Structure formats: C-alpha cells, structure tokens
Amino acid sequence: MSILTRYIASAYLRVFWLCLASFIAIYLVIDFLEKIGRFLRFDPQWIHVVRFFLYKIPEIATQVIPLAVLMATLLTLGMLSRNSEIIAMRSCGVSLRKISAPILVIACAASLFVIVSNELILPKTYSQMRFIEEVLIRKKSSNTFFRQNNIWHKDNKAILMARAFDPDHQTLRGVTLWSFSEGMTPSRRIDAEQGSWDGSQWTLWKVTVRDFQGGGVANTTQIASMPVNLNLQIEDLKVVDKYADNMGFLKLREYIQKLKKGGYETTRYEAQMHSKISLPFASLIMAFLGIPFALRGNRSSGVALGIGASIGFGFAYFIINAILISFGQTGVLPSLVSAWAANVIFALSGIWLAMTLNR
C-alpha cells in the first residue's frame, strides 16, 4: 500500500467514524424522545431502558452506514480539493481512479459488514430488544412472541394441528398428527395430550395411534411416549410478521421455502429477502455516486454542501428503494428487480457523473 493510499484512507476513515457516530447519536436522541413517554407509563427500571437502546445501536448503525459513507466521501474529497491536494495529486500524475480506490474499498468493506451484521448480529439484538420492551418494560407475558392457539404445520406428507403452545415449557397441547399416502389418502392419525421439544426433536406423550386401511380404522395403539420426526422448531412458532424485517437472508429464505411447501403466497417475503443483499450495497453505491459529485465541485465547496448533498442523495435513495420494494411486495414488479432497481438507478447516475467529469 502506497503512502498516498494510506493518507487518503486514514483521512477518509477519520471523517467516516465521525459521521457514523453523529448519525447514531442523532438517531438515538430522536428515538429516545419518541419512546420515553410511552415507557414511563409502565414505571420501568432505568437499567432496562438503557439496555433497550444499547441493543438498538447495531440496528441503527446498519441503517445509517450508507449515509455516513456518502457524507464522508463528500467531506473528505471536498477538504482535499479545498486544500489543493487533489490538484497536487493530479499534477504529479496520480489518476482519479487511484484517488478513489481507497474510498471504494472501505465502502465495499462497509457493505460486507452490514451483510454479516444482518445475518449474525441483528436477529439476536432485535430479539433481545423486543424482550426488554415487551416483557421487562411493558411487563407483558413472554407468550407475546408466539402463536398460541390453533397451530397448523404442513410437513411433506404430514399435517400437524395443536390446540395451544406453551413457550415457557416448550410444549404443544392437544396434538393431532395426520400422515398421508399417495393421493393425500389418510394412512395414520396420531393423537397426543402434549408434545415436548428437547432441542433436537419432538416427543409426543400419552399417544393414541390409529392406522387406516380401506377407508376405516385398521388398528389402534396406546403408547406412553413417541418421538416424531418433524421439520418444526421453536423459532417457527414465533410470530414472524412482527420481525421479518430483522431476520437474516438465510433465515428468511428458509421461512419462505416452508411457506411454499405449505402452498402459501410468499411474494411479500421474497422482496424482503432479496433486499437483505441489495440494501447493504447501498454503501458502495453511495461512495460510487459521491466521488464524481465531490470532484465536480470547486475549491470553495464547503462542509455545508457536503452535508446537504449527502442528506439529499441519501433520502432520495431510501425513498425510491422503499417504493420499489413495495412494488415487489405487491407483485407489481418481480421481487429481484424491485430489490436491486434503486442500486442500478443510482449506479447509472454515478457512471454518468463520472463520464461527464472534467478530467
């Protein structure tokens, strides 16, 4: 790595961390002022309120990183231009590509970090945040997170029905499991008082097994306990609609596959799933757009222009992206197209700015 590359990267990172910390702080203050009134109605312990906002920081960071990348790009190149450093570099034969490379590499690293965070960090912190808000602050039952009545689950050639689910003991009550042969003809019915989860499989207790043959019951057996192989986990019993936005790509894809096997419509979730990959690359797109925009400015371009332009570009991107994804969720656009369209539009804008740049 050359001295020039290290110099540009270090200058950019200093501004980036400052922008990121500023955006997170502003977001936290606004969110605190919005929520604290509701929280105080329940007379919470302040330690729970503090923990709630600490767990929210990773979610905030992933949302504001693209804005921080864009603002850091505009401010860093603006300051270099204002100090005539860009002119000095160009007069020494340094290309715009070499000047831009450290910024693009850091922006790409930021995009990859957001993808990893969405998969490994956000689902856990969001779950903890919801638990603190609903159970520790609002003092609701932990059952809030689960479907509790009339549970249905389709698994290959079997259908499970349970009257209720107890999340505290991880047990299903009033279980009926139907097995089907070819042509969806019932071949077995299993009734159990309850089913328990041991972390790897379900076990049914106080079981009655009825085998069907020729349209009638051929055999009835009473069993104290019976392990069953079901593709159903505790996480599957959570109310997914309330936290699908904070599921990772892999978890959401797995959930979509289960819905498809059950014959359910998945268009809404497919658009969200593709956005789990496309949205993190907003950081790279913002850098790609910000570099030619910043280099088009003159030496008098100041901090105010960088802040204003970054906020304007950032809000325009997120508004257009939200509209396009909503089109994908309703089936107006293919889910893959709706998730990536905003990235393509702003990338083309960056290409146009770069091609019309006075070199």
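Biologist: What relative accessibility does Ser84 have, and how is Ser84 therefore classed?

Modeller: Buried means under 20% relative accessible area, exposed means over 50%, and partly exposed lies in between, computed with a 1.4 Å probe on protein chains only. Ser84 has 23% relative accessibility and so counts as partly exposed. Please note that this is a predicted model, in which local features need pLDDT of at least 70 and side-chain atom pairs count only at pLDDT 80 or more, while totals for chains, interfaces and linings use all residues. Residues are numbered from 1 along each chain as its sequence is written, and side-chain values use heavy atoms, with hydrogens and water left out.

Biologist: Where does Ser84 lie, and what is its phi?

Modeller: Most residues other than glycine have a negative phi. The phi of Ser84, however, is positive, near 65°. Ser84 is placed in the loop between H2 and helix H3 (85–91); helices here are DSSP runs (H or I, at least four residues) and strands are runs of E (at least two), numbered from the N terminus. Asp43 also has a positive phi, near 50°, and belongs to the loop between helix H1 (3–40) and helix H2 (46–82). With 65% relative accessibility, Asp43 counts as exposed.

Biologist: How is the packing of H2 and H4 described?

Modeller: Two packed helices are described by the angle between their axes and the distance between the axes. Axes are lines fitted to C-alpha atoms, for helices over the stretch in contact, and angles run from 0 to 180 degrees between N-to-C directions. For H2 and H4 the angle is about 170° and the axes are 10 Å apart. These two helices are therefore roughly antiparallel, a term for angles over 145 degrees, whereas under 35 is roughly parallel, 65 to 115 roughly perpendicular and the rest oblique. Contact, meaning heavy atoms within 4.5 Å, involves residues including Val69 and Leu77 of H2 and Ile99 and Ala107 of H4.

Biologist: Which residues touch the most other members of the largest nonpolar core?

Modeller: A nonpolar core is a set of buried Ala, Val, Leu, Ile, Met, Phe, Trp, Tyr and Cys residues joined through side-chain atoms within 4.5 Å. The largest has 50 residues, and Val69, Leu77 and Ile99 touch the most other members. H2 supplies the largest share of this core, 14 residues. Leaving aside residues up to four places away in sequence, Val69 touches Tyr12, Phe16, Ala107, Ala110, Ser283 and Ala287.
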